[in-house]
Every structure is written in structure tokens, then in C-alpha cells.
Amino acid sequence: MAMENPFKNPHTEQQRDSVPPSSEKPSSSRRLRELSQTPEHLRAEDVRREIEERLQDLMQPANKIGSGQVADVYSGRDEDGLSGFCIKHKARNTIETVLDCPLQEEMRLQEQAYRILEKARGQGKSVARIPQPWAYVKTAEGAEILSMDLVPGKTLRRLLLERAAHHMPEQHILPGYRSENLEAALDDDLEKMVMDNFLNANKKKNTAQLHRELVELAGNPPFLTKELALQVRNTLQTLHAAGFFHRDIHAKNIMISDDLTQASLIDFGRASFGEHTSMSEAVDVDRAGTKVQYLRDEGILSTISSLIPKPAKKA
């Protein structure tokens, strides 16, 4: 889907009158943010080239945090430690998408969700946050790069694994780790220890069974609040009322702040906006002649409700 201006960020109310190109090193995410906010009349080729250079400079191996079905993901903090960046980089084609430019479409959808929830927040509603997109570029080699704000905190999946690990016997811990330092374990290592070595040691459980056991362990004792659960529910109601459906909400696509008070939604590659009138209509669709079934957004609510304290029984 074509975009009139792939760099335009409509959420920036105050834009600089001029952002002169710079080749100062080291590259910073702050500079990239400045470039992505450049006014229309300054969208010169040298500015475009610097945006691409800054993005490439930030995609260092040390910043890579994972690979999804469509893109590799990088994140990090600026030199001053105050601002951060997240970059999705697609350099390969997969059978997961039928779009020519999936990251460009993802930016459009993420911007829509950002607008919807920021408006709701301005009206006093408690809703989740969305990482604000900065810029999208397609390189001469055909690779797509999408940059955005860094979301602080951890994924709900990571929190579940860390808390379940407290119940894990020593024999399931991988060499190089100890029970007291599992919170520093790599994501893949923690997944292997908790899910493969511990919960599925007999290799006979299906995905649904493993998820239920993980949530049950992690929620003993409960660690989320009723307020955060309400925040997520408000978010889904607000998005759905505007005709926006995420369709890929699971524990890896919800971020929770370090103080456990703020949720954020990430990864909008399967979202839809303005195409469907209900969640039921949005999850079972025909794409390019293929029937596709997406996740229901409300499914995450049962997981979160399992992680909050139950009301005390009346005597």
C-alpha cells in the first residue's frame, strides 16, 4: 500500500523549521528522531540518505533482541541513556505476508492505534501505550526499516517465565546459570529451562496445556493489579469502537512497565483498521484466496485476570 510520505509523523505537533543534515558520529537515536520530524519542504535526498544511514548504524549485532516471522528487531538507548529506539528490519520474504511492503503497512496501522489511544488518554481514560513510530525507509537493496520509540519494561511472556522459574528445581537450570541470577538469562535460554526442561520434561503436553501451567505457576502469588487489567480492557474497547483490531495480542506482544503499572501494545503487523465491524468478522478472513484465522484480542484478558489477586471471600 503506497504512502504519500513514508517519513511523515503526524503526531509531532511542534516540528523544527530546519534540521540540517549531519554526519557526526556516533549516530544517535535522538538525531534520527529529529530527522523523522523534518518539515515537508526539507525532505531532500541528503536528509533521506542520512535517515537511512542512521538506521543502519543503529542496527548493530549487540542491539539485536530477536527475530520474528517477518523482521529482525533491534533496540537500544541513546548515548545519554534518556531516549531509546526500536528498529524492525525486513530483508527477507516470507510466506507469512501477502503485502509487498509489510513494514510500511505496519507503520500506518501503528500510527492509527497511537492516535486512537492518545485521544482516549487526553479524555482521561486509562489505556495502554503504543510506541510512537518515527520513520520508514526502503533501501536501494529492497530492505525495509521501521523505527519507533523504545518501550520500557518487559514483555508479559518474560515476566511469566521469570516468575515460574522461582518454582523450578535446580536440575532444570542450564549450565552457566544459577537460581539467583535467572532474571539475567537470555530469552531463549529462559524459555528452554522453564518450558522445555521443567514444564514439558516428558514432551507430552500441547501448547495450550503448557500455557495454562505457566500462567498458574507465575500467578502464585499474583503480581498484576486490577487497575492494569482494567487498562488493557479499556484499550481493547477503545480500539474496537474505532474499528481497529490488533489480531495478534499474546504475552509476547504486551509490554509491562518495571513498576507493573503501565501496559503497552506492540507488533501491529497483523492488525486491521476500517476493514471490519466486529472482532468475530476480523479474525476469520480471506487473504489472497487463503483462509486466515487471527487471534481474538480479548483472549489476553483471561491470562491477565489469572495474574491479579482474587477478591476476598465474604465471611
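This is a predicted model: local features need pLDDT of at least 70, side-chain atom pairs count only at pLDDT 80 or more; totals for chains, interfaces and linings use all residues.
Local features need pLDDT of at least 70 and side-chain atom pairs count only at pLDDT 80 or more, while totals for chains, interfaces and linings use all residues. Numbering starts from 1 along each chain as its sequence is written, and side-chain values use heavy atoms, with hydrogens and water left out.

**Stop 1: Ile87.** Select Ile87 in strand 3, residues 84-90. Strands (E, at least two residues) and helices (H or I, at least four) are DSSP runs, numbered from the N terminus. Ile87 is buried, at 0% relative accessible area. Buried means under 20%, exposed over 50%, and partly exposed in between (1.4 Å probe, protein chains only).

Now show its contacts, meaning heavy atoms within 4.5 Å. Leaving out residues up to four places away in sequence, Ile87 touches Leu55, Leu58, Met59, Asp72, Val73, Tyr74, Ile145, Leu146 and Ser147.

**Stop 2: Lys203.** Go to the loop between helix 5 (187-199) and helix 6, and select Lys203. Its phi is near 60°, a positive value in a residue other than glycine. Is Lys203 buried or exposed? It is exposed, with a relative accessible area of 55%.

**Stop 3: Pro221.** Move to the loop between helix 6 (207-218) and helix 7 (226-241), where Pro221 sits. Check the peptide bond from Asn220 to Pro221: it is cis, with omega about 5°.

**Stop 4: Asp267.** Finish in the loop between strand 9 (263-265) and strand 10 (272-273) by selecting Asp267. Asp267 is not a glycine, yet its phi is positive, about 65°. Asp267 is partly exposed, at 28% relative accessible area.
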